[in-house]
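Dear colleague,

Please find the structure below, handed over for your own work. The findings follow it.

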Amino acid sequence: MGRRFSDSAPSAHGRFWLGAACALAGATLWGFSGACIQFLVEGYAVSSAFISFTRAATAAVLFLALVLATRREALLSLLGSRAARRTLVLFGVGLYLSQITYAISIEMTNAGTATVLQATCTVFVMLFTCLRAHRLPRPADFAGLVVALAAAALIATQGDWGVIVLPAAGLAWGIANALSETLYIMAPQRLYGQWDRVTIIGVGMVVSGVAAAIVWLAAAVSAVVPAAGAAAPIDASPVAAAQAAASSFSAPGAVPLVPALDAVGWLALIGGVGVLGTFAAFGLFLYGVSLVGSVRGSLLGVAEPVGAMVIAAVWLGTPFSAADWGGLVLMAAMIALVSLSGSREKR
């Protein structure tokens, strides 16, 4: 199988606190990407499909460059393992599915309902972890789960439970989103002790970027081909067919393949969503999960709505409500429960 590579790390106690800080930082940056997406959708009418492709592709390119520049030997060792390659494909597919299913879940229900359903990922992670270890949840972890779900629900619904919309299709896509997040959190866990963590995360993100590009291009081709076929005569040349395909994206009501963005829009898309909201966010969060474990990492990841709430208030001027403050207090309680429990266990 070849030489194994793993990260050198501080003491178990220091490793836990480093992991907790990274997971929280990653969740906060996810919240920042949410504010950037809101800015792009409201100000430029950018489609969720293009945003998903751009964020995955940007993160994939950056991770690939980082790994090739600093961890080439570790990369070759990791890719030399057939079992590791299978796990990495599952990991990368889970990363992409978590993004696309969340977008579909929002379309089928609304942002608040989708966020609550997404937070149930922590339930699945805890359930699968306990089944695999043949044990019950730790009391502090279970308490943290209850508090985290309550905080996410309070922030997402603003205390108005009437906004929860659960048609069968919306519920199915929301659960699919939670399961895809469970997949990318848990799938690479067994690899973290054998190979370099950054290399594992980087390869998974590249797989995610490839999946996003395939889906986006397939959707673009399916939109272009019928329009081009209808517009072009039977004996049209390839050039004429290409011109017809291009014109289909400029026709009234058509969605352009690449949206018209100014410098601020591209900065928000590439810098805010791609670099900070995906490359840095997923890198920090998954690195943190590799140190604190899948259960506690998934709990800390529920802090994403808090990050989105705070950043939207500071940047977009969205006011804090009583429900926001209540959710913030509950989320702080959850972080304290998870951190104190994990710190005592590691110590």
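Is the crossing of H2 and H12 left-handed or right-handed? The crossing is right-handed, where a crossing is left-handed if the near helix is turned anticlockwise from the far one by less than a right angle, and right-handed if clockwise. Before the details, a note on the source: this is a predicted model, in which local features need pLDDT of at least 70 and side-chain atom pairs count only at pLDDT 80 or more, while totals for chains, interfaces and linings use all residues. Residues are numbered from 1 along each chain as its sequence is written, and side-chain values use heavy atoms, with hydrogens and water left out.

Overall picture

The protein has 15 helices and zero strands; helices (H or I, at least four residues) and strands (E, at least two) are DSSP runs, numbered from the N terminus. Of the 347 residues, 46% are buried. Buried means under 20% relative accessible area, exposed over 50%, and partly exposed in between (1.4 Å probe, protein chains only). The exposed surface comes to about 15500 Å², with 72% of it supplied by carbon and sulfur atoms; the areas come from the Shrake-Rupley method with a 1.4 Å probe, and for residues only the protein chains shown count as cover. Among contacts (heavy atoms within 4.5 Å) with a separation of 6 or more, 86% join residues 24 or more positions apart.

The pair H2 and H12

H2 and helix H12 (residues 263-292) pack with their axes 8 Å apart, at an angle of about 60°. That angle makes H2 oblique to H12. For reference, angles under 35 degrees count as roughly parallel, over 145 as roughly antiparallel, 65 to 115 as roughly perpendicular and the rest as oblique. The axes are lines fitted to C-alpha atoms, for helices over the stretch in contact, and angles run from 0 to 180 degrees between N-to-C directions. On the H2 side the meeting residues include Phe-50, Ile-51, Leu-62 and Phe-63, and on the H12 side they include Trp-266, Leu-269, Gly-277 and Phe-279.

Ser-52 is also found in helix H2. Ser-52 is buried, at 7% relative accessible area, and touches Gln-99 and Ala-212, not counting residues up to four places away in sequence.

The salt bridge

A search of the whole structure finds one salt bridge, defined as a side-chain nitrogen of Lys or Arg within 4 Å of a carboxyl oxygen of Asp or Glu. Arg-71 and Asp-196 form this bridge, with 2.7 Å between the closest N and O atoms. Arg-71 lies in the loop between helix H2 (48-70) and helix H3 (72-79), and Asp-196 in the loop between helix H9 (189-192) and helix H10 (197-231), so the pair ties together parts that are 125 residues apart in sequence. Arg-71 is partly exposed, with a relative accessible area of 23%, whereas Asp-196 is buried at 8%.

Helix H13 (residues 294-301) is mostly covered, with eight of its eight residues buried; Arg-296 is one of them.

Most residues other than glycine have a negative phi. Ala-45, however, has a positive phi of about 55°. Ala-45 lies in the loop between helix H1 (12-44) and H2 and is exposed, at 62% relative accessibility. His-134 also has a positive phi of about 55°. His-134 is placed in the loop between helix H6 (121-133) and helix H7 (139-157) and is exposed, with a relative accessible area of 73%.

With kind regards
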